[in-house]
Amino acid sequence: MSNQHNDPTGQVAELDGPDRFENPGIEPHRHRLGDHDEAAAKRSESIVVLLLTISILASIAGVVLYVIIPVGTNLADIRLSTLSLGLGLGIGFLGIGLAAIHWAKSLMNDEEQVEMRHPQASNEVERAEAVEIIEQGVKDANIARRPLLKGALVGAIALAPLPFVVPLIGNLGRDWDIDKFRHTVWGDTPEDADPEYFGETSDGRVGRRLALDPTGTPVRAADVTRNSVFHIIPQGIEEEENWHSEKAKAVVILVRLDQDLLTEAPDRRDWSYDGIVAYSKICTHVGCPVALYEQTTHELLCPCHQSTFDMTDGAKVVFGPAKRPLPQLPIAVDTDGYLIATADFDEPIGPSYWERLK
Ligand code: FES
């Protein structure tokens, strides 16, 4: 290791005596091939130029594809256009980044700089002054002559973290009663609540009526306009015991889509009605209300951390930290034309947690 350093005047000075440090194990500097071989340096330059060229082409391609791909209401075109633009941007920046790294590593000045360090500790005089200041502070506080004050101060400092620590420890062993997330009032029958809030389909299925939040007005299928979002609660929810928490679990987002846009699993074909689908409004990430509907892409966005769910395809996650689709509420229309839930959500609502299997 060199025993030289650059002093503030810019001159190179010898560093000896007490300021000199032992080499901690740094190996001797190895020069690169390109430092003494012009052909190798030329190769490095070519690689940098190639990476920058890729970046240029990707940027141009991204913009060209964005311009030529028609963005109407076709979902596939919208995805393709967004993908091209994203790839153009991504590869463009990646090319510049890789070129910069390769340039710095293979072509830039490879001279090794050594900066010597001096002992950091304060000198004896400064340390003695600091101790004196602290002792003077303790003396000024008069704490030694006031044991009651001293005891109160120690007690306050010792107990202050408890409001944080005790709930933390208490919650570790607490029974969280996870089962309550497996059931919502959508799964109730006329025996569990006022039968007037239930309807029956022509094929004999009985279920609770869907009502508008917050008015509680039951919703007719014919009134659900295409591509509008309806915020739904179970009719008569306010008469339930603990109705605030029951409502919080049962809130639903309802949308009517073109029937031919829907991708439905064979066992869920009768869970929607004429393009109308209903999903839990509770985000499966950490439980925020998912309420921002994008009409063009038919996606539902959670405002908290941008999880995005595809309403045309089982509310599957297409972006963001959520790991599960929104639970679906099976719906049908009763003989009076009102929407009813024919069963509870297909799985527990809300965030994923450690006990759940699904
Ligand atoms: S709570 Fe919805 S994305 Fe986090």
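This report covers the surface patches, backbone features, disulfide and salt bridges of a predicted model.

## Surface patches

One is nonpolar. It is built from Ile56, Ile60, Val63, Val64, Leu65, Tyr66, Val67, Ile68 and Leu85. Together these residues have about 820 Å² of accessible area. Helix 2, residues 38–68, supplies the largest share, with eight residues. Val63 is one of the patch residues, and its place is in helix 2.

Glu132 sits in helix 4, which spans residues 124–141. Its relative accessibility is 55%, so Glu132 counts as exposed, the cut-off being over 50%.

## A glycine pair

Gly88 lies in helix 3, residues 75–106. Its C-alpha atom is separated by 4.0 Å from that of Gly62. Gly88 counts as buried, at 7% relative accessibility.

## Backbone features

The peptide bond from Asp213 to Pro214 is cis. Its omega is near 10°. Pro214 belongs to the loop between strand 4 (206–212) and strand 5 (229–234).

That loop between strand 4 and strand 5 also holds Asn227. Asn227 is not a glycine, although its phi is positive, at about 70°. With a relative accessible area of 19%, Asn227 falls under the 20% limit and is therefore buried.

Gln306 is another non-glycine residue with a positive phi, here near 65°. It is found in the loop between strand 9 (299–301) and strand 10 (308–310). Gln306 is partly exposed, with a relative accessible area of 38%.

## The disulfide and other cysteines

The disulfide count comes to one. Cys288 is joined to Cys304, with an S to S distance of 1.9 Å. The link of Cys288 and Cys304 is left-handed, with -90° about the S-S bond. Cys288 lies in the loop between strand 7 (276–280) and strand 8 (292–294), and Cys304 in the loop between strand 9 and strand 10, so the pair ties together parts that are 16 residues apart in sequence.

Cys304 is partly exposed, at 35%. Two further cysteines are buried: Cys283 has a relative accessible area of 2%, and Cys302 has a relative accessibility of 1%.

Side chains of opposite charge can pair when their charged atoms come close. The count of salt bridges in this model is 17. One of them is between Lys42 and Glu45, at 3.4 Å from N to O. Both residues lie in helix 2. They are three residues apart, about one turn of the helix. Lys42 is partly exposed, with a relative accessible area of 46%. Glu45 is also partly exposed, at 38% relative accessibility.

Arg205 forms a salt bridge with Asp270, and the closest N and O atoms are 3.9 Å apart. Arg205 lies in the loop between strand 3 (198–200) and strand 4, and Asp270 in the loop between strand 6 (252–256) and strand 7, so this pair ties together parts that are 65 residues apart in sequence. Arg205 is partly exposed, with a relative accessible area of 30%. Asp270 is partly exposed as well, at 44%.

## A further pair and a network

Asp313 and Lys316 meet through their side chains in a salt bridge, at 3.5 Å from N to O. Asp313 counts as partly exposed, at 22% relative accessibility. Lys316 is partly exposed too, with a relative accessible area of 43%.

Which residues are linked in a network of salt bridges? They are Arg32, Asp35 and Asp110.

Methods:
Residues are numbered from 1 along each chain as its sequence is written. This is a predicted model: local features need pLDDT of at least 70, side-chain atom pairs count only at pLDDT 80 or more; totals for chains, interfaces and linings use all residues. Side-chain values use heavy atoms; hydrogens and water are left out. Helices (H or I, at least four residues) and strands (E, at least two) are DSSP runs, numbered from the N terminus. Buried means under 20% relative accessible area, exposed over 50%, partly exposed in between (1.4 Å probe, protein chains only). Patches are made of residues with over 30% relative accessible area and no salt bridge: like charges are joined within 9 Å, nonpolar side chains (Val, Leu, Ile, Met, Phe, Trp, Tyr) within 5 Å. Accessible areas come from the Shrake-Rupley method with a 1.4 Å probe; for residues, only the protein chains shown count as cover. A salt bridge is a side-chain nitrogen of Lys or Arg within 4 Å of a carboxyl oxygen of Asp or Glu. A disulfide is a pair of cysteine sulfur atoms within 2.5 Å.
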